[in-house]
Amino acid sequence: MPTTPATTPFAGLSQRLPELMARDERRLRRRLEGARKLRDPTRQQQAATQLTSEIDKAEARVARRRAAVPKLVYPDALPVSQRRDEIAAAIRDHQVVIVAGETGSGKTTQLPKICLELGRGIRGTIGHTQPRRIAARTVAERVAEELGTTMGATVGYKVRFTDQVGEDSLVKLMTDGILLAEIGSDRMLRQYDTLIIDEAHERSLNVDFILGYLKQLLPRRPDLKVIITSATIDPERFSRHFNDAPIVEVSGRTYPVEVRYRPVVDPDDPDPDEDRDQLQAISDAVAELSAEGPGDILVFLSGEREIRDAADYLNRLSLRNTEVLPLYARLSAAEQHRVFHRHTGRRIVLATNVAETSLTVPGIKYVIDPGQARISRYSTRLKVQRLPIERVSQASANQRKGRCGRTSDGICIRLYTEDDFDSRPEFTDPEILRTNLASVILQMTALDLGDIAAFGFLDPPDKRNIAAGVQLLEELGALDGSGLTQVGRKLSQLPVDPRLGRMILEADKNGCVREVTIIVSALSIQDPRERPIDKQEAATEKHRRFAEPHSDFLAYLNLWAYLTEQQKELSGNQFRKLCRTDFLNYLRVREWQDLYGQLRQISRGVGISPNVANADPDKVHISLLSGLLSQIGLKDPEKNDYARPA
Ligand code: ADP
Ligand code: MG
């Protein structure tokens, strides 16, 4: 750039700043203001030289970023490609745009490119959030591939434990949890010039926190653009939240899907096979669909355990010309990627909910839907947060069904009855309405998001409930007058209800972490012990073996020991049978073990280590009490009932 004759050593510098990356602009503007105040002309001259060189560098950086924008090509067939001019115009003319459309229409993979084409991603990064780690990574890989660059160059991703974002990355995929955590150190989110909040219809707590935070941030960041994507589930809600932001609908063509109801145990069958379980139902459905002709099958399962069990089961059947392919978060990138590779023969993909709207598994002709998912929920009766496996909503079931109607007609087999479907709620409640507010407040405080009562939530919680939540946190010693305590900080990292988390922290002091974690895990899920109405006595009889005269809690430990023992002795199949004859729900038993493993791992991360020797039962009870202070009752021996202590 030619320099004009200078009247002061700083002439012309401030005009160059607005072209720099926003963070550089801010930093250098402050420096320039400081330098202007210098009295000594020599020092002024020195500062000007220094600043000029830094501005040159920052300009070179912007030029490098502009040059890094590759030629943008859009796959013709995708609905988003066809509507890209309209989407681009909406983004250009508005600060917030909602893009709604069927899964697979190209929102996730094409929106970052439309943003690049508009010149976004230069003065700040295009931040693009996903609800799950597995999606953040595969989407980043896909966008990088479509742009013809290697991962970590123009496109990078950041998830817990992995940061693959380069100095000059223009697009950054991440989990919504990462973006939230970044607010702590970058209050104005200045590193971004554009944010794509993907899969907002899931209404996870993280998404609600982000949308609430953005609402108050946007007026102070007029240069920041926000694009919110949603499956076709009530996009108007987001529009209203952001002052009637425009909605662009991009649903592509879909094909009819035939639904068949094949319940695991048919209630109308006069002679039902009570022993039939979900795995058998899945393999029967696979056989039924295989007879229909070629085409890949997608099965929805609620977690890694269930997926591995189903994979073992199906692999043992040695189906002809068929490949079984698991898809869950903990697989390696290469293993996850296999679902996108071409193949011959039939493929059965066993996936978690990630395949419902986040990842489009190509080539699916058939869907098998057992109708469940792990849904975090607050139990008002037990006053704790749990992660039970629950029936999914009608909206979710229909999303799952839609996965096989993308490129041709499909068939969806639901492993439950039509009456069951009709009786389900239409939508899944947003997580904030299912979650203990104490836990929401705890997380908001840990993230430093400000006053919950003043926060711009899509669904603001009730004032009285907020007060109760704060009171509980004070009772647990997580909050005091000055904010989060040591205990609170640790609690916010444990993915269980604060009451239950508190028990684990106390157990650490009392040397009984192992026992308490087993009990806490059991309390976080639905009771694995079953008592079918017509066989209550037989079930009670079986369960009596685990009872402890003075403590229902200790019964869980006995049951745990029994299960661990049996599992060592028996084959997987035998163990499943044993669970059935003992009136134990096999899936919940697995879930219990799963959660225990997770909690143990996360506790270690917070510096809590399990005891090796068996703990004294009194210590266990004392630790449990720390989470239940307001629920202690006085036993009235005459009435054999409990009263609140005065
Ligand atoms: P949406 O976000 O609207 O659900 P996507 O942008 O995720 O849609 O997907 C658009 C298309 O790109 C789909 O047909 C999908 O199968 C395909 N696709 C996405 N990721 C990959 C990948 N890693 N490899 C191959 N195809 C992919
Ligand atoms: Mg998507």
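Q: By class, which residues make up the shell around ligand 1 in this model?
A: In this predicted model, the shell around ligand 1 has two nonpolar, seven polar and four charged residues; here Ala, Val, Leu, Ile, Met, Phe, Trp, Tyr, Cys and Pro count as nonpolar, Asp, Glu, Lys and Arg as charged, and the others, Gly among them, as polar. Since the model is predicted, local features need pLDDT of at least 70 and side-chain atom pairs count only at pLDDT 80 or more, while totals for chains, interfaces and linings use all residues; side-chain values use heavy atoms, with hydrogens and water left out, residues are numbered from 1 along each chain as its sequence is written, and chains are lettered from A and ligands numbered from 1 in the order in which they are written.

Q: How many residues surround ligand 1, and which are the closest?
A: Ligand 1 is surrounded by 13 residues, of which the closest are Gly104, Gly106, Lys107, Thr108 and Thr109; a residue is near a molecule if one of its heavy atoms lies within 4 Å of it. Helix α6 (residues 107-117) supplies the largest share of that shell, three residues, where helices (H or I, at least four residues) and strands (E, at least two) are DSSP runs numbered from the N terminus.

Q: And which backbone atom lies 2.6 Å from an oxygen atom of ligand 1?
A: That is a backbone N or O atom of Gly104, and a polar backbone atom of Ser105 is 3.1 Å from an oxygen atom of ligand 1, while for Thr360 the corresponding distance is 3.3 Å. As for cover, the protein takes up 88% of the 560 Å² of accessible area that ligand 1 has on its own, with accessible areas coming from the Shrake-Rupley method with a 1.4 Å probe, and for residues only the protein chains shown count as cover.

Q: Switching to helices, which residues of α27 are buried?
A: In α27 (residues 617-625), Val620, Ser623 and Leu624 are buried, where buried means under 20% relative accessible area, exposed over 50%, and partly exposed in between (1.4 Å probe, protein chains only).

Q: Why do they end up on the same side of α27?
A: They cover an arc of only 100° around the axis, and therefore lie on the same side of α27; the arc is that of the directions from the helix axis to the C-beta atoms. In general, an α-helix has 3.6 residues a turn, so residues three or four places apart point the same way.

Q: What covers the buried residues of α27?
A: The cover includes α21 (498-510), α22 (513-524) and α24 (552-569), with contact meaning heavy atoms within 4.5 Å. At the start of α27, a side-chain oxygen of Asp616 also comes within 3.0 Å of the backbone nitrogen of Asp618.

Q: Why is α8 largely enclosed?
A: Because six of the eight residues of α8 (residues 176-183) are buried, the helix is largely enclosed by the rest of the structure. The buried residues are Asp176, Ile178, Leu179, Leu180, Glu182 and Ile183, and what covers them includes β2 (125-130), β3 (155-159), β5 (171-175), β6 (192-197), α9 (205-217) and α18 (437-447).

Q: OK, on to Gly371: where is it, and is it buried or exposed?
A: Gly371 sits in the loop between β13 (364-369) and β14 (372-374) and is buried, with a relative accessible area of 0%. Not counting residues up to four places away in sequence, Gly371 touches Glu390, Arg391, Val392, Arg400, Tyr416 and Arg424.

Q: Last one: what is phi of Glu199 near, and of Asn243?
A: Phi of Glu199 is near 65° and phi of Asn243 near 50°, each a positive value in a residue other than glycine.

Notes: Polar contact = N/O pair within 3.5 Å; in protein donor to acceptor, adjacent residues only side chain to side chain.
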